[in-house]
Amino acid sequence: GFITSVIRHVRESYVKTIEDEKVLQTSLHGIEKKQLPLMLCTTNMLLHNIENPNFIRRSNTLARPYTSYTDADRVEIIVTNPPFGGEEETGIESNYPPHLKTRETADLFLAIIIRLLKNQGRAAIILPDTTLFADHTVKKRLKEELLTQCNLHTIVRLPPSTFQPYASVGTSMLFFTKGEPTKSIW
């Protein structure tokens with residue numbers, strides 16, 4: 001999948017020594033809410049020579065209050081394909097500031113990703129096209145936050161069949177860096 005492609009690219013491009021491989025092995029962190037995808041992700045990590053995939057834990061990223069993420073939680077790189085097309089359970093939205101209150105998973109994940117990135121941190125994320133282009137109040141605020149806090153430099157539209165039969169919504173890969181506003185989008 002998407003994550004293992006990134007691991008393969010990092011290994012091919014940056015891992016030149018045994019020490020580099022150790023850094024890669026200890027730098028990965030992951031969270032998965034559902035048991036079956038957790039098992040599939042763990043298996044996939046093993047198949048891609050990640051020796052100890054115990055860094056992937058079962059939890060709900062969105063259940064943690066938005067404001068509880070501090071500088072200690074910030075990271076340099078986030079690569080994710082969060083769930084979309086659904087809603088979180090009732091009450092999750094109360095963990096978010098009033099201007100970001102929604103139960104739509106894709107929107108909540110985008111808000112958390114922006115918050116979790118360090119200054120100059122980079123993200124690659126797959127989201128439904130509606131996240132950036134729908135005419136909904138929370139989506140407009142998220143788009144504004146993304147474009148003012150981050151340099152959204154690249155959007156890659158994915159073919160409509162990419163996630164079928166699981167989802168039939170249009171999706172795009174977004175690449176951005178936190179710390180400066182968007183100037184132009186490729």
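Reply: A contact here means heavy atoms within 4.5 Å. In this predicted model, residues 24 or more positions apart account for 72% of the contacts with a separation of 6 or more.

Me: Which elements make up the protein, and in what order do they run from the N terminus?

Reply: The secondary structure comes to six helices and six strands, and from the N terminus on the order is α-α-β-α-β-β-α-β-α-α-β-β. The radius of gyration is 17 Å, close to the 16 Å that the globule rule gives for 186 residues, so the protein is as compact as a globular protein of that length.

Me: Is strand β6 largely enclosed or open?

Reply: A residue counts as buried under 20% relative accessible area. Seven of the eight residues of β6, which covers residues 171–178, are buried, so the strand is largely enclosed by the rest of the structure.

Me: Which strands pair with β6?

Reply: Strand β4 (residues 117–128) pairs with β6 in the antiparallel sense over seven bridges, with R122 opposite T177. Strand β5 (residues 150–157) also pairs with β6 in the antiparallel sense, over seven bridges, and there R157 stands opposite S172.

Me: Which residues make the nonpolar surface patch of about 310 Å²?

Reply: That patch is made by L36, M39 and L40. M39 lies in helix α3, residues 35–47, and its relative accessibility is 46%, so M39 counts as partly exposed.

Conventions
Residues numbered from 1 in each chain as written. Predicted model: local features only at pLDDT ≥ 70, side-chain atom pairs only at ≥ 80, totals over all residues. Heavy atoms only, no water. Buried < 20%, exposed > 50% of the residue type's maximum accessible area, 1.4 Å probe, protein only. Helix = DSSP H or I, 4+ residues; strand = E, 2+ residues; numbered from the N terminus. Pairing = 2+ DSSP bridges. Patch = residues over 30% accessible without salt bridge, like charges linked within 9 Å, V, L, I, M, F, W, Y side chains within 5 Å. Areas by Shrake-Rupley, 256 points an atom, 1.4 Å probe, with all protein chains shown as cover. Salt bridge = Lys/Arg side-chain N within 4 Å of Asp/Glu carboxyl O. Rg over C-alpha atoms; globule rule 2.2 N^0.38 Å.
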